[in-house]
Amino acid sequence: MNLHEYQAKELLKKYNVPVQEGIPCSTPGEAEQAYRQIHTMYGSKFAVVKAQIHAGGRGKGKIKGTEQRGVAVGKTAEEVMQIAKNIIGGTLVTLQTGEAGKVVSKVLVAQDVYYDGPSPVKEFYLSILLDRSKGQNVIMYSTEGGMNIEDVAHDTPEKIFKEWVYPGGNLEAFQARKIAFNLGLSGVAFKNCVKFVTDLYKAYVGSDCGMLEINPLFKTSDDKIIAVDCKMNIDDNALMRHQDIAVLRDLSEEDPTEVEAGQYNLNFVKLDGNVGCMVNGAGLAMATMDMIKLSGGEPANFLDVGGTANAQTVEAGFRIILKDPKVKAILINIFGGIVRCDRVAQGVIDAYQSIGNISIPIIVRLQGTNADVAKKLIDESGLKVQSAIQLSEAAELVNKAVA
């Protein structure tokens, strides 16, 4: 589950991680008032207005049909209000959103961190995630923070440092000091960075994060180390331990079909192809998508109905797949181990009759427990459903359907 920047920062503050302070706003009027509060509290010369969406690249992205960036600076209350007016309700298009973009419902009005002081400001990059190849958490960091970190990783990979931490253990003090040293810090800034990184790792573990990215990690002119931006992803499987975080979920930022699938405990991921697929088991689903590709089609989705498929879940799967206008055929590939094939077959028949006329071909391959009974049920149903026994046979039927 992804969090918005303002939500992630509030969570970090619970672990004593210093952040750029800000106020989330849903209207231009709230943004104007937020600027006045920030100016009074922090003496900021300007405020940064940031669109709140679940995507990166906001600083380079633009509101569709305008020149308004997703992140902009306002030097007066009136400027901040106008920027918020341009952003809220608009569709922000970034490299990560694609051409469709995302509608912005909130902005974060944040304090100025570029105030005058005795030393120069600096921007770094730091993230924490799981390195699956090593089975350890890894802290990746660089002296080259900011909007072009992807270019840094591509063009100058030697500027990206990594520090691994064993799961179940803590970030060691020497590791935190090593990170601060590699970032070129000294004195008060060095000590503040050591504390920042230590507390940030505690936040990562304590919140069951899948990924935690700070970009930029910022050194102020008076040597404070703060998180100016934060992207945080929480492991869905751990949300049962974090009800306070679970309630922060923003369904408007997620694909509606994936949200609906979750209500029926279906594992669904929308893709861009033309063949809908319904399978039981993640491994079989991946193999099925490979088969669709090899047969000349493109998978339109990943849909795993699990081992307890019944008429209700099958019908829900049908309805979700059929919402995609690109789908030219549906392939159902079930191996009857835990779930009986005849139960799935009856679910297909019931769903077909409940939904009504389905104009696209439906191909059903059932193998395993009661597969013969299942095939007979489908063949005698009188419905426009094609049954297959072998995977190659199903592939051939898919090929004909999308040709």
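Let's start in a loop: N16 sits between α1 (5-13) and β2 (22-25). Helices here are DSSP runs of H or I with at least four residues, strands are runs of E with at least two, and both are numbered from the N terminus.

Before going on, the ground rules. This is a predicted model, where local features need pLDDT of at least 70, side-chain atom pairs count only at pLDDT 80 or more, and totals for chains, interfaces and linings use all residues. Residues are numbered from 1 along each chain as its sequence is written, and side-chain values use heavy atoms, with hydrogens and water left out.

Back to N16. What is its phi? Positive, about 65°, although N16 is not a glycine. N16 is also exposed, at a relative accessible area of 54%. The cut-offs: buried is under 20% relative accessible area, exposed is over 50%, partly exposed is in between, with a 1.4 Å probe and protein chains only.

D223 is another case. Its phi is near 70°, again positive in a residue other than glycine. D223 lies in the loop between β12 and β13 (225-227).

Now a peptide bond. N215 and P216 are joined in cis, with omega about 10°. P216 belongs to strand β12, residues 209-219. For background, most residues other than glycine have a negative phi, and most peptide bonds are trans.

Next, K50. You'll find K50 in strand β3, residues 47-51. Buried or exposed? K50 is buried, with a relative accessible area of 5%. Where does the side chain of K50 go? It reaches the backbone oxygen of V228 at 2.8 Å. The K50 side chain also makes a polar contact with the side chain of Q20, at 2.9 Å. A polar contact is a pair of N or O atoms within 3.5 Å; within protein, one must be able to donate a hydrogen and the other to accept it, and residues adjacent in sequence count only if both atoms are side-chain atoms.

Contact means heavy atoms within 4.5 Å.

Last stop, C25. This residue is in strand β2. C25 counts as buried, at 1% relative accessibility. Which residues does C25 touch? Not counting residues up to four places away in sequence, they are E30, A31, A34, I88, S105, K106, V107 and V109. One distance to finish: C25 and I53 are 28 residues apart in sequence and 13 Å apart in space, C-alpha to C-alpha.
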